Amino acid sequence: MYHDPVMLQECIHWLDVKAGGCYMDATFGGGGHSRAILNHLGDGRLIAFDRDTDAHANRPEDDRLTLVKADFRYADRYLRLSRFPALDGILADLGISSHQIDEASRGFSTRFEGPLDMRMDREGGADASRLIEERSEAELSLAFYELGDIANNRKLAAHIKSALPITSTAALVEAIRQCIPPREENKYLARVFQTLRILVNDELGALNELMEKAASMLKPGGRMVVMSYHSAEDRIVKNHFRSGNAAGKENKDFFGNNLSPWKLLFSKPVLSGAEELERNPRSRSAKLRAAERL
Ligand SMILES: C[S@@+](CC[C@H](N)C(=O)[O-])C[C@H]1O[C@@H](n2cnc3c(N)ncnc32)[C@H](O)[C@@H]1O
């Protein structure tokens with residue numbers, strides 16, 4: 001299977017998909033969430049985005065769906081260009097799909113030997129091999145600390161820098177072998193790879209731009225549902241929904257009213273249920289947040 005969609009029922013429920021409405025799936029992937037939206041959509045419309053060409057092979061034959069190969073940070077431009085009406089709902093299921101992880105040639109997985117690529121969009125931008133050359137040792141070290149929660153971040157960055165050029169996943173693992181704490185190989189490597197992936201695809205920058213523009217793409221009363229898999233992503237979503245900006249700084253008017261364009265639908269994130277946690281390991285770190293545009 002390309003990708004087992006996480007919290008499918010919960011997403012449809014909180015998006016409150018209505019027949020005749022207009023929706024956006026910012027992260028099409030295997031199209032699992034898009035298909036479920038289409039099933040509830042009647043004669044409505046769905047615009048979906050994915051910057052990975054592989055995802056586009058999953059496009060269902062459906063006239064109600066417009067699928068765009070682009071970064072979702074530019075979604076507002078595509079809506080304007082295609083004269084798409086204001087939206088009733090936006091869904092974003094962040095990160096990468098099981099297909100991307102399981103495809104050795106993409107270089108996302110610690111389990112397979114492959115080129116050190118990690119780009120979601122292989123048509124442009126620096127891959128992970130180039131990124132570790134271009135970023136300074138201090139920048140890499142800080143990212144491993146902040147995004148990977150890696151305690152020996154300085155040693156790790158130094159080992160990477162001294163082994164350049166590194167062009168394959170196996171060569172990266174070899175270069176950092178001495179940094180891996182005993183009995184923590186899988187966890188440690190997963191954090192190293194995830195940090196590099198987040199940097200390569202500027203995932204936090206893209207999410208922040210989407211969150212900044214989201215309210216302006218929605219109708220009043222329109223909803224946004226976001227599923228994140230990393231604490232830094234979740235913080236951005238939480239802060240935007242609470243206060244209308246990434247820093248979580250509350251802006252108030254003269255009368256002390258919060259100027260955030262969002263009304264939270266609930267305050268604690270929704271997590272996957274026991275059955276899904278058992279069935280789909282990817283769902284373990286998922287956090288779902290939802291808000292309504294005021
Ligand atoms: C977790 S998967 C989505 C799975 C999908 N919900 C499903 O049911 O199959 C995330 C997808 O979003 C895409 N993606 C991630 N960040 C993106 C961005 N900034 N712009 C466009 N697509 C993005 C990835 O390429 C990947 O295919």
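Predicted model: local features only at pLDDT ≥ 70, side-chain atom pairs only at ≥ 80, totals over all residues.

In Asp-71, an N or O atom of the side chain sits 2.9 Å from a ligand nitrogen. Gln-100 uses a polar side-chain atom, 2.9 Å from a ligand oxygen. The table lists these contacts.

| Residue | Part of residue | Ligand atom | Distance |
|---|---|---|---|
| Asp-71 | side chain | nitrogen | 2.9 Å |
| Gln-100 | side chain | oxygen | 2.9 Å |

On its own, the ligand has 600 Å² of accessible area, and the protein covers 99% of that. In all, 25 residues surround the ligand. The closest are Gly-30, His-33, Asp-50, Phe-72 and Asp-93.

Next, the helix pair. Helix H6 spans residues 137-146, and helix H9 spans residues 185-200. Their axes come within 9 Å and cross at roughly 115 degrees. The crossing of H6 and H9 is right-handed. H6 contributes Leu-140, Ala-143 and Phe-144 to the contact. From H9 come Val-192, Thr-195, Leu-196 and Leu-199. By type, the contact residues of H6 and H9 are 6 nonpolar and 1 polar, with no charged residue.

Most residues other than glycine have a negative phi, and most peptide bonds are trans. Asp-16 is not a glycine, yet its phi is positive, about 60 degrees. Asp-16 belongs to the loop between helix H1 (8-15) and strand E1 (22-25). The peptide bond from Leu-164 to Pro-165 is cis, with omega near 0 degrees. Pro-165 lies in the loop that runs between helix H7 (153-162) and helix H8 (169-175).

Key. Residues numbered from 1 in each chain as written. Heavy atoms only, no water. Axes fitted to C-alpha atoms, helices over the stretch in contact; angles between N-to-C directions. Helix = DSSP H or I, 4+ residues; strand = E, 2+ residues; numbered from the N terminus. Left-handed = near helix turned anticlockwise from the far one by under 90°. Contact = heavy atoms within 4.5 Å. Nonpolar A, V, L, I, M, F, W, Y, C, P; charged D, E, K, R; others polar. Near = heavy atom within 4 Å. Polar contact = N/O pair within 3.5 Å; in protein donor to acceptor, adjacent residues only side chain to side chain. Areas by Shrake-Rupley, 256 points an atom, 1.4 Å probe, with all protein chains shown as cover.
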